[in-house]
Amino acid sequence: MAHIRDGAAVVQFLVWLDNQMQEIYGASGYFYESEGTHKRKHLDSMKLTEVSVSDKLEGFRAKQEKFKGLSFPTISSVGPNAAVIHYAPEANTCAELDANSIYLFDSGAQYLDGTTDITRTVHFGKPSFHEKSCFTTVLKGHIALDTAKFPNGTTGHALDILARIPLWKDGLDYRHGTGHGIGSYLNVHEGPHLISFRPHARNVPLQASMTVTDEPGYYEDGNFGIRLENVLIVKEAHTKFNFGEKGYLAFEHITWAPYQKKLMDLTLLTPEEIEWINAYHADCRKALAPYLSEQEMEWLKKATEPIHVSA
């Protein structure tokens, strides 16, 4: 429930930010690529910065039931700053938002019934072919981990590669682990398990009911950064066979916010990946509908319309 309410706050933030980017900067917006003028419509006194928009996101969260504060300082980053993995914006020095640049926000909250951590990457102008390709490759790794099934006794060290293989195929990678545990109204980074290439990820096997994040990324110094993050719960898996009588495990995602379709290169996605995105988006609409206004729900419906690929 904490993650559902948090997802509603994230969607409310995206609706607000989409409108502001169009109104202040003439951006084409969340859904379109080329209609915007990308010229400031208002005086310099009206502007969006990395800090001012992250404060707005906190405000949407603060209106949710059982909210007690942020679970960590929000990473709110535009363009080159998004390439800094643990970027921390400061009010006096942070960047202004830019309709022609990627915007990445990694944030979470403490609710009495749970702790959240979500990352989404968006673009309110016309993303380049390269940006789309990189975003889609990160998304493919994100889906690969989400859909994994594995025997009891498997560690996060063994699973880390799943999120990297699509990136490795293009000679890309990222310099951080793929997932960390999360407490419930506790620590946003909580072990002892994790999904990582680091040796200590071999120490603790994943077990049913553990929580862990799924957050591959790609960071191009001086240019942009991409990260997508959901929280997963480890659960028992239903498999056709049970080799070695070990029992098998899988993941269930509990984070709810759309992935921006404008940033996807659909030619790079398999039919199974498109099916996963459509199913996730359909579940997003169902989960968040009770918490959104009519206008916000219309935006979410558009953001989560099924992807149709012509033969």
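## Cavity, pockets and cysteines

The largest cavity has a volume of about 40 Å³. The model is predicted. By the rule applied, one cavity of 30 Å³ or more is counted.

His3, Asp6 and Gly7 line the largest cavity, together with Thr116, Asp117, Ile118, Thr255 and Trp256. Helix H1, residues 2-25, gives the largest share of that lining, with three residues. Sorted by class, the cavity lining holds four polar, two nonpolar and two charged residues.

| Space | Volume | Lining by class |
|---|---|---|
| Largest pocket | about 390 Å³ | six nonpolar, nine polar, six charged |
| Second largest pocket | about 220 Å³ | five nonpolar, one polar, four charged |

**The largest pocket.** Its lining counts 21 residues. Which of them lie nearest the centre of the largest pocket? They are His86, His176, His180, His189 and Glu215. Nine residues of the lining of the largest pocket are polar, while six are nonpolar and six are charged.

**The second largest pocket.** About 220 Å³ of space lies here. The lining includes Lys140, Ile143, Ala144, Thr147 and Pro166. Glu272, Glu273, Glu275, Trp276 and Ala279 also line the second largest pocket. Helix H3 (129-146) and helix H5 (271-288) each supply at least two of the lining residues. Which helix gives the largest share of this lining? Helix H5 does, with five residues. By class, the lining of the second largest pocket has five nonpolar residues, four charged and one polar.

**Cysteines.** How many disulfides does a search of the whole structure find? The search finds zero. Are cysteine 134 and cysteine 284 buried or exposed? Cysteine 134 has a relative accessible area of 1%, so this residue is buried. Cysteine 284 is at 0% relative accessibility and therefore counts as buried too. The cut-off behind both calls is a relative accessible area under 20%.

**In brief.** The predicted model has one cavity of 30 Å³ or more, and helix H1 gives the largest share of the lining of the largest cavity. The largest pocket has a volume of about 390 Å³, with four histidines, His86, His176, His180 and His189, among the residues nearest its centre. Helix H5 gives five residues to the lining of the second largest pocket. Zero disulfides are found.

Note on methods
Residues numbered from 1 in each chain as written. Predicted model: local features only at pLDDT ≥ 70, side-chain atom pairs only at ≥ 80, totals over all residues. Heavy atoms only, no water. 1 Å grid on protein atoms, 1.4 Å probe; cavity = no way out; pocket = protein on both sides within 12 Å on 5 of 7 lines; lining within 4 Å. Points joined across faces, edges and corners; volume = space filled by probe spheres on them. Helix = DSSP H or I, 4+ residues; strand = E, 2+ residues; numbered from the N terminus. Nonpolar A, V, L, I, M, F, W, Y, C, P; charged D, E, K, R; others polar. Disulfide = S-S within 2.5 Å. Buried < 20%, exposed > 50% of the residue type's maximum accessible area, 1.4 Å probe, protein only.
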